[in-house]
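Biologist: Please display the model, and let us then discuss a few of its local features in turn.

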Amino acid sequence: MKRILSAGTALIALATCPLLAAAETPDPALQDVIIVTGHRTTTATDAALLPEAAPMDGMDITRLIARTPGAARIGNGEMSGQMQYRGLFGPRLNLRIDGHSFASGGPNLMDPALHYAPTPLVAAVHIDRGISPVSEGPGIGGGADAVFKKTDYANSSEATLGYDLTIGGRTVNDSLSTGGIIGASTDTWRANLLGAYEEGGDTAYKDGTIGGSEFQRSIQGLSTGLRTDLGEFSLDWRRHNTGFSGNPPFGMDIRFVDTDVVKASYEKSFGDVLIEASASYTDAAHGMNTYDLRPAMMRREALAYAITRKADISATFPAFGGSLQLGADTAEEDHNIHVVEPENLDNYIYSLPDIVIDRYGAFAEWTGTLGAFNAELGLRVDEYDGKGGTATFGEDASMGQKMLAASYNASDRRADATTVDAAARLWRPITDDLTWRVTLARKSRAPFYLEWFQWLPSGSSAGLADGNIYLGDPSLDPEVALIAETGFDYVTENAYIRPTVYIRQIDDFIQGTPFDDTPGVADSLEEMMASMHGSSAALLRFTNVDARLIGFDLDAGMNLPGPLRADAVLSYVRGERRDLDEDLYRMAPPSLTAGLTWEGQDWSATFETRAVAEQDKVSQTLQEAGTPGHVTLSLYGDWQVNDGVRLSAGVENLLDQITRDHLSGYNRNAYGDVAIGTRLPGSGRGAFVRLSLVG
């Protein structure tokens with residue numbers, strides 16, 4: 001394989017660059033694949049990125065994903081980072097854990113989807129370039145699937161033992177991360193245990209520490225598979241336990257997140273027809289409060305519960321000169337949230353009571369040759385039915401809460417939507433070195449349950465962390481995006497470049513807008529209740545507006561004289577409302593990451609520069625502050641000690657710069673040295689070390 005494209009050296013150069021391989025097959029279409037374990041099969045439209053040598057700048061897998069073109073990380077806490085992709089994040093992205101999506105436990109996404117994918121357990125992250133295939137479920141933007149490590153079937157009837165373990169630490173927050181799998185398999189069965197443990201203290205930066213940024217998380221589980229004449233059966237179970245973990249941009253911190261995930265799958269080929277089916281159950285219990293990790297004048301505890309039940313079935317068979325997959329799926333999400341004063345248990349209110357969202361979907365996806373192009377064509381329809389239960393409250397709840405609860409209980413408390421998605425993803429190899437890509441799609445998203453049913457003024461906002469107060473609206477329409485993007489992948493023996501330009505025209509984009517025509521004047525009960533959260537908080541209602549996202553991103557690299565190589569990733573996105581002259585909220589600023597690597601026989605060393613531009617394209621409605629640009633330097637290396645042992649180490653933020661990441665929220669924790677209401681800084685200078693053992 002071409003040296004510059006070798007999967008074994010892709011990240012030794014720079015952990016930012018998905019690298020293309022020689023053409024083998026047109027399936028799967030248009031993915032970036034982050035490889036954590038270092039082994040993969042490449043295809044014409046896949047790309048491989050190995051994070052083993054990347055700077056260990058945090059425990060959250062979103063930090064690694066943010067090193068790919070178009071991606072960024074929203075920093076809501078060490079355990080609560082969200083992936084942003086080409087300007088979209090939260091419920092707009094189709095995020096899966098081992099091919100499985102489920103509801104987060106809390107309304108502020110303190111446990112977002114990728115919270116459930118600790119890096120020591122992840123084998124690869126498949127990023128859907130541009131949009132997600134309709135077969136992977138609904139979603140208006142792109143998506144990602146964090147695939148767990150597992151013991152694969154062996155080639156003989158004799159049991160084979162194996163393991164894949166990682167341990168690492170950082171000085172900047174005295175953190176430890178360890179985990180992996182141990183298992184055995186034959187050619188008919190496989191089984192492995194999995195586990196991970198992570199903990200850390202407050203993060204240091206040049207002027208002190210970020211108060212309340214500590215964290216703790218553990219996971220244990222089991223993955224099994226059995227091949228029989230009746231088909232292949234698999235069963236996966238995981239228990240996730242997150243302990244006290246800080247969320248400085250929020251009004252509360254994590255006290256616990258206890259989640260059980262169970263998934264059973266089946267597949268079998270009947271001649272040319274492949275049948276696949278799965279069923280899953282997820283139960284998330286989430287506690288958060290205002291006082292364990294921060295000083296509090298008003299002690300409040302919120303308890304949130306989310307149960308997700310899912311099932312799907314599909315058949316794949318030859319048709320129309322290609323492969324056609326027909327499928328159906330269903331999901332039910334149950335949410336229940338109540339807030340209580342710990343010293344007075346009669347002062348409570350069920351702020352989101354017994355919310356149930358049912359979804360029924362069907363899709364058709366064809367992959368094959370369409371004229372001169374390889375193609376993936378998809379059509380998907382989903383039906384949503386939402387309903388809210390009866391709001392209840394304690395004797396000592398405030399009169400305002402009781403009055404708003406009575407009004408909510410007297411309302412219809414139902415919402416519904418139908419979404420239709422259509423996608424065409426086309427690519428054509430022009431020469432051995434050049435492949436053109438184009439995507440045209442109509443993608444849609446039903447409102448999040450908060451956007452429909454939040455009747456009590458609250459800071460819960462699916463992780464926006466802007467300090468504002470929100471109300472929902474059951475009459476909200478689904479978002480509908482018309483998407484076009486094009487680019488090419490050019491690869492030679494000594495260089496590569498993969499640029500993409502895109503536009504997303506979104507009708508009925510859901511965003512907070514002023515509650516009434518007199519913002520700042522408390523002339524309604526809702527505004528009087530919202531004013532209790534502080535004078536700086538604006539009361540907003542989720543509303544349908546019109547928006548546009550345009551952008552450009554690329555990754556590129558080349559071999560230089562000597563054992564040197566250079567790699568870089570550039571990302572730019574601009575979001576704006578079309579119904580008025582205003583920018584969209586929390587858009588990643590333009591950024592460039594570039595590295596120069598010296599490659600030895602079994603070791604490497606990389607000097608990396610990350611430059612982030614200022615962001616002055618901000619939302620006035622959401623009182624968003626701009627941020628200055630910054631440049632940071634890092635140095636890290638990697639040593640393949642032998643076939644089963646790999647050691648990585650380095651120093652991040654060499655010059656100990658104070659950085660203000662635009663996607664980080666505003667500090668609301670009075671502990672530490674960051675002023676209340678200011679943008680949270682990035683971590684200061686620190687060293688990391690990581691050891692990987694595979695056998």
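Biologist: In what order do the three strands of the open sheet run?

Modeller: This is a predicted model, in which local features need pLDDT of at least 70, side-chain atom pairs count only at pLDDT 80 or more, and totals for chains, interfaces and linings use all residues. Residues are numbered from 1 along each chain as its sequence is written, and side-chain values use heavy atoms, with hydrogens and water left out. Strands are DSSP runs (E, at least two residues), numbered from the N terminus, and two of them pair if DSSP finds at least two bridges between them. Strand 4 (71–74) and strand 6 (88–89) are the edge strands, each pairing on one side only, and with antiparallel pairing the order is 4-5-6.

Biologist: Is Asn247 buried or exposed?

Modeller: Asn247 lies in the loop between strand 16 (231–242) and strand 17 (253–270). Buried means under 20% relative accessible area, exposed over 50%, and partly exposed in between, with a 1.4 Å probe and protein chains only. Because its relative accessibility is 0%, Asn247 counts as buried.

Biologist: Where is Arg660 found, and how does it count by accessibility?

Modeller: Arg660 is found in the loop between strand 34 (645–652) and strand 35 (686–694). Its contacts (heavy atoms within 4.5 Å), not counting residues up to four places away in sequence, include Thr627, His630 and Val674. Since its relative accessibility is 25%, Arg660 counts as partly exposed.

How values were computed
Helix = DSSP H or I, 4+ residues; strand = E, 2+ residues; numbered from the N terminus.
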